[in-house]
Amino acid sequence: MKRLTLGIVCSVALLGCPGKDQTPAQPTPEKQAAADLAAGKAYAERECKACHGLDGKGAAPAIPHLAAQRERYLIAALNEYKDGKRTHAALREIAANLSAADARNVAGFYASLPPIQAASAMDGELVSPYEYGKKIAAACAKCHGDDGNSSTPGVPTLAGQQPQYLVVAIQEYLQKERRAAPMHALLPGLKKLDLESLALYFASQAPAQRAAPPLGDAAAGEPLSAVCGGCHGAHGVSTDSATPSLAAQDARYLVDAIKAYRTTRKRENMRLYVTGLSDKDVQNIAAFYSVQKSRAVEKGQTLVKDLTDKCERCHASEADIPGMVVPKIRGQDRDYLIMALRAYRDDRRESSMMHKMSLPYSDSVIESLSSAYARQPAR
């Protein structure tokens with residue numbers, strides 16, 4: 001899910017906000033001078049038209065629209081290519097030979113154009129990853145329960161499970177690193193985006209409180225769980241998307257899983273710890289965690305809206321924000337937005353703020369958020 005290759009010659013300006021640790025560039029007298037729009041159009045005719053057109057519309061998917069973009073942002077983007085902070089080879093070469101006046105003029109030209117209203121952005125239904133995951137989860141209900149709360153001994157509860165961990169666990173079943181059940185024959189037909197949506201749905205469900213299990217002693221298991229808490233969180237409620245929650249989990253499943261780390265499951269730190277536990281210790285730890293109260297770790301029902309609200313704090317303003325260089329993203333090309341957000345998440349683009357905001361999100365969430373913005377009328 002990590003990489004998306006862009007095989008297009010020209011692409012100005014990956015989107016972004018300045019990080020909190022970045023000092024906003026102070027405008028120089030030259031930057032404050034008015035752009036020569038005729039000169040900017042002539043420059044765009046020579047260097048930019050093939051990819052961005054003279055109307056500022058990206059010529060193909062993943063090429064951003066430049067029309068009506070903020071002039072100050074476009075200048076900043078070109079300077080980042082010139083300084084080597086952005087990696088598109090063709091743009092870096094163009095920017096390296098670009099004078100400050102040329103940058104101001106071509107940015108001013110594109111900023112002066114009317115925004116692109118792409119009818120294709122409205123095609124198709126906008127589906128949230130949560131709702132899509134809910135549809136896929138119907139096939140899991142027979143074993144794991146309607147909302148991921150299993151009532152069958154030995155079958156894990158999926159409700160409230162950390163999403164990144166759940167995706168990895170499913171992949172381990174597919175790779176035969178875990179002992180699969182008959183229902184797991186359904187998994188090979190799921191794509192990575194399917195798995196991410198499924199995991200988000202289950203992560204958003206509330207785990208049911210369990211009664212004391214017929215095995216183990218919860219009180220005796222509590223002191224034995226001290227080492228586990230360093231990774232799995234207080235009382236087994238994980239705060240790390242890649243580390244599973246153990247609270248409210250089926251006790252028989254926990255016993256089987258812990259013992260599996262002695263033999264087949266490949267986690268060296270887990271193997272070192274559980275090897276020293278007796279079977280009685282394992283049962284006691286499982287009993288302790290099974291009766292702990294857990295919670296949903298995501299709010300998938302409103303996640304895309306919540307993320308949009310966060311984005312709007314910077315990107316909704318119609319005017320430049322003092323001290324910040326922020327692009328307009330409403331009506332922007334969907335594939336380009338996906339590419340940009342992935343680059344921030346994977347730390348291939350500079351912006352500490354955007355990296356921190358994008359880091360937790362899977363491709364399914366990024367694609368849904370990008371679709372939501374691409375469908376909005378450009379202004």
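Analyst: An axis is a line fitted to C-alpha atoms, for a helix over the stretch in contact (heavy atoms within 4.5 Å), and angles run from 0 to 180 degrees between N-to-C directions. This is a predicted model, in which local features need pLDDT of at least 70 and side-chain atom pairs count only at pLDDT 80 or more, while totals for chains, interfaces and linings use all residues. Residues are numbered from 1 along each chain as its sequence is written, and side-chain values use heavy atoms, with hydrogens and water left out.

User: At what angle do helix 2 and helix 6 pack?
Analyst: Helices here are DSSP runs (H or I, at least four residues), numbered from the N terminus. Helix 2 covers residues 37-47 and helix 6 covers residues 100-111, and their axes lie 7 Å apart. Helix 2 is therefore roughly perpendicular to helix 6, a word kept for angles of 65 to 115 degrees. The packing angle is about 90°.

User: Which residues of helix 7 make the contact with helix 10?
Analyst: The axes of helix 7 (residues 129-137) and helix 10 (residues 192-203) come within 7 Å and cross at roughly 90°, so these two helices are also roughly perpendicular to each other. On the side of helix 10, the contact is made by D194, S197, L198, L200, Y201 and F202. On the side of helix 7, the residues are P129, Y130, Y132, G133, K134, I136 and A137.

User: Which residues have the most contacts inside the largest nonpolar core?
Analyst: A nonpolar core is a set of buried Ala, Val, Leu, Ile, Met, Phe, Trp, Tyr and Cys residues joined through side-chain atoms within 4.5 Å, and buried means under 20% relative accessible area with a 1.4 Å probe, protein chains only. The largest one has 34 residues, and the elements that give two or more residues to this core include helix 7, helix 10 and helix 13 (251-260). Apart from it lies another core of 20 residues, L66, L91, L98 and A103 among them. Inside the largest core, the residues with the most contacts are L198 and F202.

User: How far apart are the C-alpha atoms of F202 and L166?
Analyst: F202 has its place in helix 10, and it counts as buried because its relative accessibility is 1%. Leaving aside neighbours within four places in sequence, F202 is in contact with A137, C140, D147, G148, L158, A159, G160, Q161 and L166. Although F202 and L166 are 36 residues apart along the chain, their C-alpha atoms are separated by 9.0 Å.

User: Which helices are included in what covers the buried residues of helix 13?
Analyst: Seven of the ten residues of helix 13 are buried, so this helix is largely enclosed by the rest of the structure. The buried residues are A251, Y253, L254, V255, A257, I258 and A260. What covers them includes helix 9, helix 14 (268-274) and helix 15 (279-290).

User: What is the phi of A248, in the loop between helix 12 and helix 13?
Analyst: Most residues other than glycine have a negative phi. A62, in the loop between helix 3 (49-52) and helix 4 (71-82), has a positive value near 80° and counts as buried at 9% relative accessibility. A248, in the loop between helix 12 (226-232) and helix 13, is buried as well, with a relative accessible area of 3%. Although A248 is not a glycine, its phi is positive, at about 65°.

Definitions and conventions
Parallel < 35°, antiparallel > 145°, perpendicular 65-115°, else oblique. Buried < 20%, exposed > 50% of the residue type's maximum accessible area, 1.4 Å probe, protein only.
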